[in-house]
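This report describes the architecture of one protein, beginning with the whole chain and ending with a single residue. Please consult the sequence and the structure while reading.

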Amino acid sequence: MTQEDVFKNLIAHAKEYGFIFQSSEIYDGLSAVYDYGQLGAELKNNIKRYWWDAMVRLHDNIVGIDSAIFMHPSIWEASGHVGAFNDPLIDNKDSKKRYRADVLLEDYLEKIEEKINKEVEKGRKKFADGFDEAQFRTTNPNVVRNVQKQEEVSRRMNDALRANDLAALKQLIVDCEIACPVSGSRNWTDVRQFNLMFSTQIGSVSEEANVIYLRPETAQGIFVNFLNVQKTGRMKIPFGIAQIGKAFRNEIVARQFIFRMREFEQMEMQFFVRPGEELKWFSHWKDARLRWHKSLGLGDEKYRFHDHEKLAHYANAATDIEFAFPFGFKELEGIHSRTDFDLSRHQEFSGRKQQYFDPETNESYVPYVVETSIGLDRTVLAVLSSAYSEEKLDNGEERVVLRLPAVLAPVKLAVLPLVKKDGLPEKARDIMNDLKFDFNCQYDEKDSIGKRYRRQDAIGTPCCVTIDHQSLDDNQVTIRERDSMQQQRVPIAQLRRLVEEQVSLRKWLERM
Ligand code: ATP
């Protein structure tokens, strides 16, 4: 099965088991907007908790806030979003489909990369043991030609983006003979800039209605509260402010399921430091954030840094943590050294000082900021896509199992009476009623025990306990582990400890 097929199956699975639904489905859906179902909401909450505790609870110099989505419109002038939060868009006149010009070009570059890789694989087969990849890449005429083409297109694209030269972007699309994937034609409009912020109006009709924006990032809510938090929390630099919340972007290219949404959630932290110390902290947070990701056990090889060469005008260092999604390595989290840009701009636009008095140096200054910004929905996708597995068992049966990190699993323990009679359901309910204070438990008495195990595997429940007739006499139950499917007979009194060993937040966070 190709990666694409597995991804399709995962999307269907996420729907079938109540993780993720298309928004407004009975009205044929709303593009790039999704709802989280009963299990998706639990998974999302567990991820939030894992992030919040790692960032806020475990750092005595980081606090968390929850700022409003609506903010004064001047904030988005100051932050640069009104003027520059744009994507270059282009329409195909035949299919009427709209694309991001830079994405069309990136897809084109990816195709060249595929051609190069195919050629290299051909060489590897042909020369077998004597194959020298480095030499092949520098001498094979097809590879050399494609690498040159790749470099040329990527240089022209970056130059055009940097210079905001929309005509040059269009020309590049024409020169590369890129066709619309839907109509197959090269009948393109000019490239135009498109602001990604959603706007609406605040105030009733009788009042003077003002245009305001739905926030495109949560970070600005932190910047404008910097002094409130610093003063009321008596925070001393270096310190951080964290926040989890919704953000909205009118994305032109909405695809790849919950990877690119128009309404999504971010988990951001702004770390305020002394000017001059920002690069040290940038490197600190790069390491710390990668450790957090790896502690989830999805596979260390699934992460890589992508350092930005082309920096935004306000940044002096930036990197992405990329994850191996089913459609390739893509950004999961951004870490940016934003200098004093945001606070200085708010100082300028609001006319209020945004300075910190440093008691150690006896100086006042606008702090520098290092930001870590991770998409919650992209984390859900990273977790689900690496957990999803279709397996053939030794007995010839098949199972679909979500090998979720136990700490994130929506249901931690399934409580299953072997039969629906003879007092077993009552015994099972007793266990459930006790343990539900500690873990999210699910009770299930329908169908054969084998079917019930499959249902729990499919939603990633790490532990199942089965109550049988003997349990009534000896107060022991069978506990089954999801991944190994191993079963063990244990006293009911030990259940809490055994489940806790697998799902305890403390244990997982201690691995960081
Ligand atoms: P991209 O280049 O993929 O559009 P970005 O560089 O614009 O992302 P940032 O502005 O750095 O993203 O936002 C921080 C994080 O928020 C991203 O790393 C990503 O995880 C998440 N994010 C951004 N846009 C979206 C979106 N449309 N849908 C879901 N998550 C998003």
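## Overall composition

Of the 512 residues in the protein, 49% are buried. The model is a predicted one. Its secondary structure consists of 18 helices and 23 strands. Taken along the principal axes, the box filled by the C-alpha atoms is roughly 80 × 70 × 55 Å.

The protein exposes about 25,600 Å², of which carbon and sulfur atoms supply 47%. Among contacts between residues at least 6 apart in sequence, 65% join residues at least 24 apart.

## The two open sheets

Strands of a sheet pair through backbone hydrogen bonds, in either a parallel or an antiparallel sense. Two open sheets are described here, and the table sets out their strand orders.

| Sheet | Strand order | Pairing |
|---|---|---|
| Open sheet of seven strands | β3-β9-β10-β16-β13-β12-β11 | mixed |
| Open sheet of five strands | β20-β19-β21-β22-β23 | mixed |

In the sheet of seven strands, which has mixed pairing, the edge strands are β3 (62-65) and β11 (303-307), each of which pairs on one side only. Neighbouring strands of this sheet are turned by 25° against each other on average, direction ignored. Strand β3 pairs with strand β9 (residues 239-248) in the parallel sense over four bridges. Within β9, Ala242 is the bridge partner of Gly64. Helix α11 (residues 278-295) lies across β3, β10, β11, β12, β13 and β16, and runs at about 145° to β13.

In the sheet of five strands, which also has mixed pairing, the edges are formed by β20 (441-443) and β23 (487-491), each pairing on one side only. Here the neighbouring strands are turned by 25° against each other on average, direction ignored. Helix α14 (residues 424-435) packs on this sheet, touching β19, β20, β21 and β22, and its direction makes about 165° with that of β20. A further helix, α17 (residues 495-503), lies across β19, β21, β22 and β23 and runs at about 10° to β22.

How many bridges link β22 to β23, and in which sense do they pair? Strand β22 (residues 476-481) and β23 are joined by five bridges in the antiparallel sense. Thr478 stands opposite Arg489 in β23.

## A hairpin

Strand β17 (residues 388-392) and strand β18 (residues 398-402) run antiparallel and are joined by five bridges. The bridge partner of Glu391 is Arg399 in β18. Five residues lie between the strands of this hairpin, in which Gly396 takes a positive phi near 90°.

## One residue in detail

Leu343 belongs to helix α12 (residues 341-350). Is this residue, Leu343, buried or exposed? A residue counts as buried under 20% relative accessible area. Leu343 is therefore buried, because its relative accessible area is 0%.

Which residues does Leu343 touch, not counting those up to four places away in sequence? Leu343 touches Phe223, Phe226, Phe272, Gln354, Val366 and Pro367. Leu343 and Gln355 are 12 residues apart along the chain, and their C-alpha atoms are separated by 8.4 Å.

Technical notes. Residues numbered from 1 in each chain as written. Predicted model: local features only at pLDDT ≥ 70, side-chain atom pairs only at ≥ 80, totals over all residues. Heavy atoms only, no water. Pairing = 2+ DSSP bridges. Helix = DSSP H or I, 4+ residues; strand = E, 2+ residues; numbered from the N terminus. Axes fitted to C-alpha atoms, helices over the stretch in contact; angles between N-to-C directions. Contact = heavy atoms within 4.5 Å. Buried < 20%, exposed > 50% of the residue type's maximum accessible area, 1.4 Å probe, protein only. Areas by Shrake-Rupley, 256 points an atom, 1.4 Å probe, with all protein chains shown as cover.
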